[in-house]
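Let's take a walk through this protein and look at how its charged side chains pair up. Have the structure open as you read.

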Amino acid sequence: MCNSILLYFKQNFNFSISWFEYISLTVNILFLRNSLSLKSANMAEKKNKYSVLLPTYNEKDNLPLIVWLIVKYFTESKYEFEIIVIDDGSPDGTLEVAKQLEKIYGKDKIVLRPREKKLGLGTAYIHGMKHATGNFIVIMDADLSHHPKFIPEFIKKQKEGDYDVVSGTRYSGDGGVYGWDIKRKVVSRTANYITQVLLRPGASDVTGSFRLYKKEILEKLINACVSKGYVFQMEMIVRATQFGCSIGEVPISFVDRVYGTSKLGGSEIFYFLKGLLYLFATT
């Protein structure tokens with residue numbers, strides 16, 4: 001091969017090169033190729049943008065704290081991001097607080113997309129995604145139960161395996177739950193266990209709502225889901241497994257809300273069981 005290259009130069013350019021010149025030329029070509037490859041990889045990296053969807057209802061006390069933490073960890077990690085606040089007509093003045101945050105951080109970082117009334121979690125995600133400019137979507141609660149410090153770990157995990165979905169888990173590794181009474185822990189564990197047995201979802205925590213999605217995957221899953229309320233999160237993971245999506249997990253610490261009251265009630269448990277039976281029959 002080397003002799004062929006030397007002969008090519010001699011025949012086509014009417015001059016010959018020495019072995020030393022040939023080696024020098026080869027090294028320079030390889031160096032240039034590697035440099036271009038690294039540059040292309042860096043450009044691809046810079047193109048990634050993360051849109052954080054924050055559905056809110058009566059979260060005026062929590063919103064400034066969660067936004068500050070999200071901005072802090074994204075800024076420190078040097079990832080491009082935006083926070084899309086979808087407020088469903090909160091009577092406590094959450095939207096007014098969000099408008100103040102928009103002034104503080106800028107319209108490029110805080111994107112307000114309010115709705116007149118509560119229309120469901122799934123439709124909130126659809127509404128937020130219509131305005132998302134990122135190619136990755138982070139969904140999380142605005143009540144401080146999901147700490148933004150885990151977001152860089154989600155991103156790192158996604159890159160390791162090019163996962164379609166990265167889900168925060170309370171039930172694997174160092175994950176855990178803090179601030180719940182024994183009744184709610186039993187309800188959550190039981191719901192998760194029954195789901196694992198009946199549906200085999202491919203994830204250890206199916207009822208959590210702290211996740212990172214590729215945007216196109218989230219759009220596909222939402223279009224396929226029929227559930228509402230808290231069972232919606234379970235169906236998202238089940239559908240992801242059904243569609244052959246790759247799922248990575250990051251252990252998280254879930255802390256019960258500091259301000260406000262939980263929106264989980266008896267009706268949500270009933271709809272969870274109803275949704276579980278529906279998914280068992282249809283997946």
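Are R115 and D88 buried or exposed? Both of them are buried, where buried means under 20% relative accessible area, exposed means over 50%, and partly exposed is in between (1.4 Å probe, protein chains only). Before going on, keep in mind that this is a predicted model, in which local features need pLDDT of at least 70 and side-chain atom pairs count only at pLDDT 80 or more, while totals for chains, interfaces and linings use all residues. Residues are numbered from 1 along each chain as its sequence is written, and side-chain values use heavy atoms, with hydrogens and water left out.

So what links R115 and D88? Their side chains meet in a salt bridge, at 2.8 Å from N to O. That term stands for a side-chain nitrogen of Lys or Arg within 4 Å of a carboxyl oxygen of Asp or Glu. R115 sits in the loop between β3 (110-112) and α5 (121-130), and D88 in the loop between β2 (80-87) and α4 (94-105), so the pair ties together parts that are 27 residues apart in sequence. Helices (H or I, at least four residues) and strands (E, at least two) are DSSP runs, numbered from the N terminus.

Now find E235 and R239, whose side chains also form a salt bridge (3.0 Å, N to O). Both belong to helix α9 (residues 231-242), four residues apart, or about one turn of the helix. E235 and R239 are each buried. Elsewhere, salt bridges with shared partners join D162, D164 and K214 into one network. Searching the whole structure turns up eight salt bridges.
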